[in-house]
Amino acid sequence: MAASFLIPKPALTRPKVDENGGWEYFGGDFKTWFVSGDADHFTSRQLFKAGSPHTGSGRLSTATPPYHYHLYQTETFHVNSGTLAYCVDGKEGLLQAGQSVVIPPFRPHTFWNEVSAGTDLDVHITVRGGDNPGFDETFDGYLSSRTMAGASPNPIQMLLFMYSADVILVDIPFGLGRIANLVIGFLLGGIICGYQSRYKVFDN
């Protein structure tokens, strides 16, 4: 923290919240709602707009999660409408309305709105296990805020988010994702640079 005052901290913008409680990211192209939650699970509804560079450009969309796995969490994706494209363990597939997939810990995965469907993707995501209060709001809020400001997200900050949520990036060479989270994210980002793993501006 001794050098943190030398590190510039970007201004962050709180997402808009619509009349139904939906959080609007990337100018409203990506929206999330709280559905249910208790000590054992957290369920959110997420809506990805078709035709947007942020949510409708396939795997290259801004809002597409990086290819990753969770140390402790199990995620369940249930498609309400549209088509969800996914990559799990390097294999791609599609889920249609009414279909679900369960991703246990240590299974590399990502997902996106299938471009060829030409429709919005409406999906419920349920997380069980682990402890990452506020991770999605902070991660999505930070990425949206920087993107809409015409700036790139800070990779050190992003690794600190990953470290705090026990999320490991698969594409870091030689399987060093966990070490990158610790050394670059936590030690460099959190301790030396003074970045935070959560920001009040994104608290629900």
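This is a predicted model: local features need pLDDT of at least 70, side-chain atom pairs count only at pLDDT 80 or more; totals for chains, interfaces and linings use all residues.
A residue is called buried when its relative accessible area is under 20%, exposed when that area is over 50%, and partly exposed in between. Arg14 sits in the segment before strand 1. Beyond its neighbours within four places in sequence, Arg14 is in contact with Trp23, Lys200, Val201, Phe202 and Asp203. Arg14 can also be placed relative to Tyr142: the two are 128 residues apart in sequence, yet their C-alpha atoms lie 8.8 Å apart in space.

The side chain of Asp203 forms a salt bridge with that of Arg198, at 3.1 Å from N to O. Asp203 is partly exposed because its relative accessible area is 28%, and Arg198 is likewise partly exposed, with a value of 36%. Salt bridges with shared partners also connect Asp18, Glu24 and Lys31 in one network.

In total, the structure contains seven salt bridges. Lys31 belongs to strand 3 (residues 30–37), while Asp18 is found in the loop between strand 1 (16–17) and strand 2 (23–25), so that the pair, 13 residues apart, links distant parts of the chain. Are these two residues buried or exposed? Both Lys31 and Asp18 are buried.

A further salt bridge joins the side chains of Arg59 and Glu92, with 3.5 Å from N to O. Arg59 is in the loop between strand 4 (41–48) and strand 5 (68–70), and Glu92 is in strand 8 (residues 91–95); the pair therefore ties together parts that are 33 residues apart in sequence. Arg59 is partly exposed, at a relative accessible area of 33%, whereas Glu92 is exposed, at 57%.

The helices come next. Two packed helices are described by the angle between their axes and the distance between the axes. For helix 1 (residues 135–148) and helix 2, the axes come within 10 Å and cross at roughly 170 degrees. Angles over 145 degrees count as roughly antiparallel, and helix 1 and helix 2 are therefore roughly antiparallel to each other. On the helix 1 side, the contact is made by Phe135, Thr138, Phe139, Tyr142 and Leu143; on the helix 2 side, by Gln157, Met158, Phe161, Met162 and Ala165. These contact residues comprise eight nonpolar, two polar and no charged. Tyr142, in this contact, is the residue whose C-alpha lies 8.8 Å from that of Arg14.

How do helix 2 and helix 3 compare, and at what angle do their axes cross? The axes of helix 2 (residues 155–165) and helix 3 (residues 177–192) come within 8 Å, with a crossing of roughly 115 degrees. Helix 2 and helix 3 are therefore roughly perpendicular to each other, and their crossing is left-handed. From helix 2, Ile156, Leu159, Leu160, Met162 and Tyr163 take part in the contact, meeting Ala180, Asn181, Leu182, Ile184, Gly185, Phe186, Leu188, Gly189 and Gly190 of helix 3. Sorted by type, the residues of this contact are 10 nonpolar, four polar and no charged.

Notes. Residues are numbered from 1 along each chain as its sequence is written. Side-chain values use heavy atoms; hydrogens and water are left out. A salt bridge is a side-chain nitrogen of Lys or Arg within 4 Å of a carboxyl oxygen of Asp or Glu. Helices (H or I, at least four residues) and strands (E, at least two) are DSSP runs, numbered from the N terminus. Buried means under 20% relative accessible area, exposed over 50%, partly exposed in between (1.4 Å probe, protein chains only). Axes are lines fitted to C-alpha atoms, for helices over the stretch in contact, and angles run from 0 to 180 degrees between N-to-C directions. Angles under 35 degrees count as roughly parallel, over 145 as roughly antiparallel, 65 to 115 as roughly perpendicular and the rest as oblique. A crossing is left-handed if the near helix is turned anticlockwise from the far one by less than a right angle, and right-handed if clockwise. Contact means heavy atoms within 4.5 Å. Ala, Val, Leu, Ile, Met, Phe, Trp, Tyr, Cys and Pro count as nonpolar, Asp, Glu, Lys and Arg as charged, and the others, Gly among them, as polar.
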